[in-house]
Amino acid sequence: LGHVYRMYADSGDFKQPHQCWACTQGVSLILLPDGGGRLLVSSQSRGGDGGTVIRHATMPLKLKGEDYASQQVIPIELHRFRDSCTMVGASGPSCAEACKVIEDFACEILDGDDGWDLKIKPCFGGCTFTYATDGEQRTTQASDIIMTTPNCDELGHFLFQKTGTAVSADTIQVAVNQEVEAWEEILMPPTLVVGDKVRIRMEFESASEDGGTLAKGLIGVVKEVDEDGDAMVDFGPDVGTHWVAHRCFLKLCKYNKARKL
């Protein structure tokens with residue numbers, strides 16, 4: 001407790017997890033030393049102009065029980081806080097919208113009366129798995145935690161890791177703001193201009209005629225951005241120049257800012 005945890009993978013059984021950014025949703029658990037805290041759900045959606053926007057919903061949470069160290073599974077109480085759901089940055093009432101964002105992540109967790117809870121449990125470190133989205137390998141750490149949701153009869157599993165940020169009652173809003181910034185960077189497709197150097201972080205189909213599949217790890221330079229927002233990228237003499245559709249920008253990252261989740 002007293003730390004921020006950020007989701008980095010989700011899966012039904014962790015045999016082949018997905019990276020959370022590829023699923024357009026991100027979640028952070030901000031856990032206070034006393035078992036209280038905040039749940040933050042960030043969700044990618046389309047704005048009124050057709051562009052990508054990231055919505056951030058937050059609400060209080062409380063871990064059930066007292067001696068958390070002795071509990072193998074710790075339920076997270078949310079239902080009694082449903083009237084405190086808020087959209088980060090909203091200037092007016094936003095409870096209903098915020099609850100919808102959270103419900104889209106964890107089906108019926110706020111409205112259900114069947115006893116379902118979000119639950120967290122310790123993760124056994126040293127488990128190596130391969131992301132289904134791009135084939136990257138990842139090994140769990142002893143400090144990771146697993147969260148389960150009611151989805152699919154409690155087969156919605158999510159892996160979280162410590163961000164390294166300690167948190168207290170006095171700094172919880174700072175921690176929320178930091179996680180909002182982190183998910184904005186992770187979930188928002190990069191804005192590209194001519195001259196940007198980019199790296200493909202998940203394979204996708206070229207938008208050029210007969211362009212084929214562009215593989216993870218390719219590095220290229222943006223040569224043109226058209227009026228639709230699509231980019232022409234030169235990936236070098238072996239791969240050539242390809243059009244990249246704007247909808248695939250999430251699968252790119254600017255090379256000088258590349259980082260793993």
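The chain averages a pLDDT of 86, and 90% of the residues score at least 70; pLDDT is the predictor's confidence in each residue, from 0 to 100. This is a predicted model, in which local features need pLDDT of at least 70 and side-chain atom pairs count only at pLDDT 80 or more, while totals for chains, interfaces and linings use all residues. Residues are numbered from 1 along each chain as its sequence is written, and side-chain values use heavy atoms, with hydrogens and water left out.

Helices (H or I, at least four residues) and strands (E, at least two) are DSSP runs, numbered from the N terminus.

I turn now to the sheet. Five strands form an open sheet in the order E18-E17-E16-E13-E19, with antiparallel pairing. Strands E18 (241-244) and E19 (252-254) stand at the edges; each has a single partner strand, so one side of each is left without a neighbour in the sheet. From one strand to the next, the twist averages 40°, taken between N-to-C directions of axes fitted to C-alpha atoms, on a scale from 0 to 180 degrees. Two strands count as paired if DSSP finds at least two bridges between them. Strand E13 (residues 197-200) pairs with E19 in the antiparallel sense over three bridges, and Arg 199 stands opposite Cys 253 in E19.

Next, the salt bridges. The structure holds six, each being a side-chain nitrogen of Lys or Arg within 4 Å of a carboxyl oxygen of Asp or Glu. Buried here means under 20% relative accessible area, exposed over 50%, and partly exposed in between, with a 1.4 Å probe and protein chains only.

Within helix H1 (residues 95-105), Asp 104 and Lys 100 are four residues apart, about one helical turn. Their salt bridge has its closest N and O atoms at 3.0 Å. Asp 104 is partly exposed at 38%, as is Lys 100 at 46%.

Finally, the side chains of Arg 80 and Glu 77 meet in a salt bridge of 2.9 Å, N to O. Arg 80 is exposed, with a relative accessible area of 55%, whereas Glu 77 is partly exposed, at 23%.
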